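Reader: Please pick one side chain and look at it closely. Where does it lie, and what surrounds it? Then set it in the wider picture.

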Amino acid sequence: MGRGVCMAKMCIDKGRMAGYLDRFCEHPCFPDRSGRRLVRWNLVKPDPNAPAPVNSAASGAPLSEIRWSSRTRTVAALAGGWAVASGGLALVGWFFEITAFKSVLPEWVSMKVNTAVAFVLLGCAFLSAAWPGTFSSGRREQVRRWAGRGCALLAGLIGGVTLLEYAFGWGSGFDQWLLAESADMIGTFSPGRMAPDSAFCFVLLSGAIAVVAAPRSPRWALLAAATSGLLATSFAVSAVVGYSTPVLGAFGWWGLTIMAIPSAVTFLALGVVVMMLVGQPGVVSWPLGGPTTVAFACGLAVLLVVGLTASRSQARVRETGRQLAHREQVLRTFTGIVAEVAWAHSNSQSYLITGDKSHLAPFEAAVRIARQDLAASRRLIADDPKLRQQLAALRVQVEAALDCFRQLIEADRSGAGTGDLIRRGEALMSELRANFRSRELAELHDISRARLHAENVAEISYFVSSIGTAFGLAIFLTVLTWLNLVGAKRNLAVEALRRSESRLKLALDTNETGVWDLNLADRTVHRTAIFDQIFGYETLEPGWTFAQVRDHVVPEDRPVFDAGFQRAVETLGSWNFECRIRRADGAERWILCSGGHELDGRGKAVRLWGLVQNITARKVAEEEILQLNEQLEERVRLRTADLEAVNRELEAFAYSVSHDLRAPLRSIDGFSRILQEDYAEAVGVEGRDSLDRIRAASQRMAELIDDLLDLSRIGRAEMRRETVDLTALARSVAAEMTEAAPGRSVDWVVADGLIAHGDSRLLRIVLENLLGNAWKFTSRRDRARIEFGATEQDGEPAYFVRDDGAGFDPAFAGRLFGAFQRLHTADEFPGTGIGLTTVQRIVRRHGGSIRAEAAVDQGATFSFTLGAAA
Amino acid sequence: MNPYILLVEDNPDDVKLTLRAMAKNNLSNQIEVVRDGIEALDFLFATGAHAGRDATHLPIVMFLDLKLPKLDGLGVLRRIRADRRTALLPVVILTSSREEQDIVASYQLGANSYVRKPVDFDQFVEAARQLSLYWMVVNEPPIPKRGAP
C-alpha cells in the first residue's frame, strides 16, 4: 500500500464517502483532530439525519504553513537585524550629521530618514516573525504577532504614502516630518523623499513578511510573497548595477530620487530571505524541483534587472536628449537674437552711410524682434538659473547695443556728432559677438560632449540589456528544456505508474480483494468497487460506515471482528483476521480483513488502510482437505487393520509350522533309527543305505523349517532402532565362532568405532550370517582373513565384510539373495541358502541395501547400508 | 511307590519314541503316559478316568507337551499351578516349538524347564537321558519320594 496505490484512479464519489468517514472518525478509538484519543470502544450507529460535515479545508483552498526551523529563524533574524542596523545607522548619521552613515560615499545619494525608519520597522517585523518558539502564554504570543504585523504595516504605509506623493505630486511635508534635508542633495528629487523604487519595495516586503509570519496562509499569498521578494531583489540588484558602472551611473527614473546603496543592499537581503522562506520544500506545492526553481528565479531576476536598468537608461537617455534639445533651442534663440542685433547694426550703419530712410524700418523690426526673442527666451529658460544669468548678461549687452544704435540714428537725424557713437556701437557689437561666439562654441562643445556621453550610455545599456536578455533567455530556455526532459520523464513515470496501477487493479480484482483508504487528516475515504461486490452489492452503496460493515459479520464471528480492530486501534498497529459475513443476498462468505495504520513522523495516525479479501474458495478447499484427510485416516485405519489381521494370520501360520511340521519329521527320523538299530541285518546294506538317506533328508527338512521360521520371524518382529556398536557386535560374533572352532586360524580385522542406528538383535543376525558365511567359505584356507569395516558411500556409511575365501562367480550374483538358492553344492560348503536372504530382508527393513562383489577363489565382499536413521 | 515320570503327549509316534528313549536309559517302567490335557488333570487329581488312583502319589516330574487336544499344555499348567496339591510339581515343557512367546508364557505360568524336542533321534535319546538323569536323580523334588527310607 502507500505510495504505490493511486487510490484516486479507483476512487468512487468522494463526496458521498463523507458519511462513512465521519462516523468512522467519530469512533471513539480514533484520534480526533486535536490529537486526543479516547479509549472507550463504543460503536456509533449511523445517523441518517445528521448534516454532512462542513470542512473548511475541503471548501477553501488548502492552507500552507511556513516551516520555521532553527536555520530559517537564524537567517530571518539576521536579515531583520541587518535592516534594523542599517536603518539605525542612517538615523544616527542623520541626527549627528555623519555623512558616512547616510550615504557611504559623499557623492552618492543618502538614505532618507523615512527610509531609515521604515527599515527599522521592517527589521522589527522580521525579527518578531523569527522569534524562536512560541511564548508559553497565548497573550504574549498574540502581542508578538500583532507587534510584528504592526511594524510591517507601518513600513508599508511609509512606502505607500511616498508613492502617492510621487503620483499626485504632493508636497514634502511627509518627507521632512522628522528631519529636514537641504534642497540640493545629490540625486534627490524632492528633499527628503525616498526613491520610488524604495517605496515600492517597502510596500512589497511589508506585505510579504506579513504573509510569511502568519501561521497559515493560502497558497496564492505565499506565491505573491515570493514574487515580492523577487521584485525587491531585482530592484536592489538593478540599483547596485547602476552604481557599479560609471557609464550607466546612478540615476533614477525620470530624474526622481535614486535608491541609496545601503537601502539596495538591505532590500536585497530582505528579498532573498523572503524567497528563501517561501521556497522551503513542502511549503508551497510547486511542480519544479529546488534547483530548477532557483534557476527559474535567477533567470527571471536577471531579466527584471536588465529590464529595470534598461528602462532607467532609456529614461536617462531620453531625459538627456530633451535637455540637449532644450539647450540647442536656447542656443538657437540666442543666435537669433545676436543675428537681429547684427542686422540692426548693419541697417543703422547703412542708414548712416546712405541716409536712406528705407533702412529704418528693418532697423525697428530687428530691434523689436530682438526684444521679443529676449522675452521669449526668458520664458524658455525660466527654471535654469545659469542660463538666466547668461540671458541677463546677453540682454544687458543687447540692450546696450540697441540703445547705442538708436542713439546713433537719432544723432544722425539731429546732425550731432556720431563719431563716438559709431565707435561705441562698433565696440559693443564686436564685444557682443565675441562673447556670444565664445559662449556659443563652449555651449556647442558641451552639447556635443553630452550627446556623445548619452550615446555611449545608450550603447552600453543596449549592449548590457542585450547580453542580459540573452543570458536570461538562455536561462529560461535551459529551464524549459530541463522541464521538458523532466516532463517527459514524468510522463513516462506516470505512464508506468498507470500501467502498474492497472496491473495492481487487475491483481486485486481477480483476487477479489477490495481496498479502502481512510485519510484522517481531511476525512476522505476511497474504496474500490470490489469492496461492495464482496458484500453482495452490485451497485455502489452510498456510503459505508463501520457499523454497517460490522452488521454484515455473522454474529458468531463478531467477537473476533471486534477484538481484531480494538487491538489494532489501541496500539495504532495492524489487524489481520478472518471472519464470515452474510452478503446482501443472504449467502455466507469468508473474508480476510487486514490492514493497518499509517503514522506520520510524530507517531500520530494520519491514514487507515485496509484490504478485504474473499477467501471463501480457500476456506471451502480447506474444509475439503480436512474431510479428505479424515477419509484418508479412516482408510488407513481400515487397511492397517487388514494388514494387522494378515500379520496375525502369518504369525499363527509360522507358529503352527514350527510345531506341527516338526512332529512328523521326528517320527520319520526316530523310527528310521529304530529300524537301523533293531533291524540292521534284516534290511541289508541297501536297506541301511536307504534308511540313512531317509534320516538325512528328514534332518535337512528340519533345518529348512528352522531357517524358514527364522526368516519369517525377521519379517514379523518389531524393530526398535537404537544406537548399536557394530564393532563390539562383530567382535563378539567373531569370538563365538572362534570359540566354537578353535582349531582354525583366522585374522579378524574389525574397524573401530563403527556405530549404526538400528535394531541390535536383527543387526546381530546380519553379522552372524555374514561373518558366519565368511568363516564358512574361508574354511579351506590355512590362514584366513576376515575384515569388517565401513566406507563412505553417498554420504552414508557402507559396512562391509570381506574375506579371502572361496568367493563366487559374479555371473551368478543374481541368485545370491534368493531364498534357498546356493552357488555351491552341499559337498563344497554346507548351508541352506537362506542366510543371505535373511540378511537382505533385515537390511531392507532398515531402509538400506546390500550388494556383493567377488571373484572365484579370491574372496568376496558384502557391503550394506542401513539407510537414514529414523 | 516308586517315583515315576508323567508324560503328557498326544502324538503316538512321539510317545513310542520317547518310551524307547527311556528304555535305552533303563527307565521304561518309570513312565506314565496320558494322551491329552484333560486326562492329565484327571490323572493328577485322581478324577474321571483315573478316579481310582492314589492322588497323593504324584510324579517326580511331568513332561508336558504344549500342543494337546482338548486342553493344551499351557492350560494344564495353569490348572496345575492353581491347585495347591500340584503347585510345586516340577514341569518340563517338552515341545517342538521354539517360539519365544511359548517359552515366555510357559515360564510365566510356572514351568520349571523348557526343552525343545530335536528331530534327530540320537539327539532325542541323549536329551531324554539327560533330562531323566537330572530330574530323577540330581534334582531334589519338592514332594518327597515315597518309599525312601
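Author: A:Lys619 lies in helix H18 of chain A, which covers residues 616-678. Helices (H or I, at least four residues) and strands (E, at least two) are DSSP runs, numbered from the N terminus. This is a predicted model, where local features need pLDDT of at least 70 and side-chain atom pairs pLDDT 80 or more, while totals for chains, interfaces and linings use all residues. Residues are numbered from 1 along each chain as written, chains are lettered from A and ligands numbered from 1 in the order written, and side-chain values use heavy atoms, without hydrogens or water.

Now its burial. A:Lys619 has a relative accessibility of 14%, so it counts as buried. (Buried is under 20% relative accessible area, exposed over 50%, partly exposed in between, with a 1.4 Å probe and protein chains only.) Next, its partners. Set aside neighbours within four places in sequence, and A:Lys619 is in contact (heavy atoms within 4.5 Å) with A:Glu578 and A:Trp590. The lysine lies over the face of A:Trp590, 4.4 Å from the ring centre. (The rule asks for NZ of Lys or CZ of Arg within 6 Å of the ring centre and within 35 degrees of the ring normal.) An arginine also sits over a tryptophan: A:Arg744 lies over the face of A:Trp775, at 4.4 Å from the ring centre.

Rings also meet rings. Over all chains, the structure holds 16 aromatic pairs. The ring centres of A:Phe531 and A:Phe535 are 5.2 Å apart and their planes stand at 35°, so this pair is tilted. (Rings of Phe, Tyr and Trp, the last by its six-membered ring, pair with centres within 6.5 Å; planes under 30 degrees apart are stacked, over 60 edge-to-face, the rest tilted.) A:Phe531 and A:Phe535 are both buried. Elsewhere, ring pairs link A:Trp516, A:Phe561, A:Phe565, A:Trp575 and A:Phe577 into a cluster.

Step back to the whole chain. Chain A has 22 helices and 14 strands. Of its 870 residues, 41% count as buried. Take the contacts in chain A between residues at least 6 apart in sequence: 69% join residues at least 24 apart.

Among the buried residues of H22(A) are A:Leu836, A:Val839, A:Ile842 and A:Val843. A:Gly847 follows H22(A), with a positive phi near 85°.

Positive phi turns up in loops as well. A:Asp794 is not a glycine, yet its phi is about 60°. It is found between strands S11 (783-793) and S12 (796-803) of chain A. A:Asp794 is exposed, with a relative accessible area of 75%. A:Asp857, also a residue other than glycine, has phi near 70°. Its loop runs between strands S13 (850-854) and S14 (860-865) of chain A. A:Asp857 counts as exposed, at 51% relative accessibility.

Last, chain B. Five strands form an open, parallel sheet in the order S2-S1-S3-S4-S5. Strands S2 (31-34) and S5 (113-116) of chain B are at the edges with a single partner strand each, so one side of each has no neighbour in the sheet. (Strands pair if DSSP finds at least two bridges between them.) Strand S4(B), residues 91-95, runs parallel to S5(B) and is joined to it by four bridges. B:Ile93 stands opposite B:Tyr114 in S5(B).
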